[in-house]
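Notebook open, structure loaded. I'm jotting things down in the order I looked them up.

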Amino acid sequence: MSVDRPHPAASESSDRFPSPEAHGWLGLQGQVCVVTGAGSGIGAATAQAFAAAGAKVALVDRDLPAARRVAGLLAEQGAQVLALECDIADEPAVLAAAQQVRRALGPVAALVNNAGLLRPAPLASVSVAEWNAVLAVNLTGYLLCARAFGQDMLDAGRGSLVHVASVSALHPQTASGAYSASKAGVLLLSRQLAAEWGPRGVRSNVICPGMIRTALSAKFYEEPGFEQRRAAATASRRIGEPHDIAQPALFLASERSAYMNGAELVVDGGLGCMLMDRVPRPGFNQNHSETQP
């Protein structure tokens, strides 16, 4: 009589998942996690989420005082943190930051590529300098960080890269210069990293946020009625907050998402579900002037 035997990967995967009692559900206790653009918004919320999960967190930002403010708050809560000034478009600076993290906290287990830049302009008039500046941070900077911080992961044969793109990678955001093109590039960069580094134990996935209240969009909400109109464009009828992206980032960085590789996770409150509902259909359309369905 034949007996079904578990595939070797089954026992291996169970070993990879620490017990909730010992290390928390995510298993990030004591792991070194790097977050770029951590001085505000999604980056700050993600750093806070990692710290709450027991990780050692490196907060990387061009604005060092902002990174230090966030790091100070996390340190007061007992987290082991490091704030670093770094322009991710500057390769020597990124390599130096990786060395500092390694010396201060240990080998990196997860990276959240989050730092970003927006220079609004129509394609007909955007300057080449501004186009290149956006690509240097939003795309090339992601590669530089993946290589510098990901080296520890390649050496260890395990690790996770999480790249914050945008729904603008899927749908063009007009009058925004290179922003959509740069974010679309992040999707293919992540897939290529997954294909090349997956066999070496390193995963690469993307989050595409949409309708999130961040520093880039803060001024919009000062306009009367703007938030209500924008919330009405989502299925959830609300604007997302930075923590709404931090939690998926935490999941993708952990071994709980161990079989996700080369994936794009859209987190937009259901904005993408609403296209047909925005097409005029007399007698069928909902009233989008209200935030309730």
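I started with what Ser168 touches. Leaving aside neighbours within four places in sequence, I get Gln173, Tyr179 and Ser180 as the contacts of Ser168 in this predicted model.

Next I looked at how Ser168 meets Gln173. Their side chains are joined by a polar contact of 2.8 Å.

Where does Ser168 lie? I find Ser168 in the loop between strand 5 (159-164) and helix 7 (179-197).

Buried or exposed, then, for Ser168? I put Ser168 down as buried, because its relative accessibility is 5% and the cut-off for buried is under 20%.

Then I moved on to the surface. I noted a nonpolar patch there, formed by Leu275, Met276 and Val279, with about 310 Å² of accessible area together.

Met276 is found in helix 10, which covers residues 275-278. Its relative accessibility is 57%, so I count Met276 as exposed, the cut-off being over 50%.

Last, I checked confidence. The mean pLDDT of the protein is 91, and 89% of its residues reach 70 or more. Over residues 1-22, though, the pLDDT is below 50, and I see 12 contacts in the model for this stretch beyond near neighbours in sequence. Residues 289-293 also stay under 50 in pLDDT; for them the model has 10 contacts beyond four places in sequence.

Methods. Residues numbered from 1 in each chain as written. Predicted model: local features only at pLDDT ≥ 70, side-chain atom pairs only at ≥ 80, totals over all residues. Heavy atoms only, no water. Patch = residues over 30% accessible without salt bridge, like charges linked within 9 Å, V, L, I, M, F, W, Y side chains within 5 Å. Areas by Shrake-Rupley, 256 points an atom, 1.4 Å probe, with all protein chains shown as cover. Salt bridge = Lys/Arg side-chain N within 4 Å of Asp/Glu carboxyl O. Helix = DSSP H or I, 4+ residues; strand = E, 2+ residues; numbered from the N terminus. Buried < 20%, exposed > 50% of the residue type's maximum accessible area, 1.4 Å probe, protein only. Polar contact = N/O pair within 3.5 Å; in protein donor to acceptor, adjacent residues only side chain to side chain. Contact = heavy atoms within 4.5 Å. pLDDT = per-residue confidence, 0-100.
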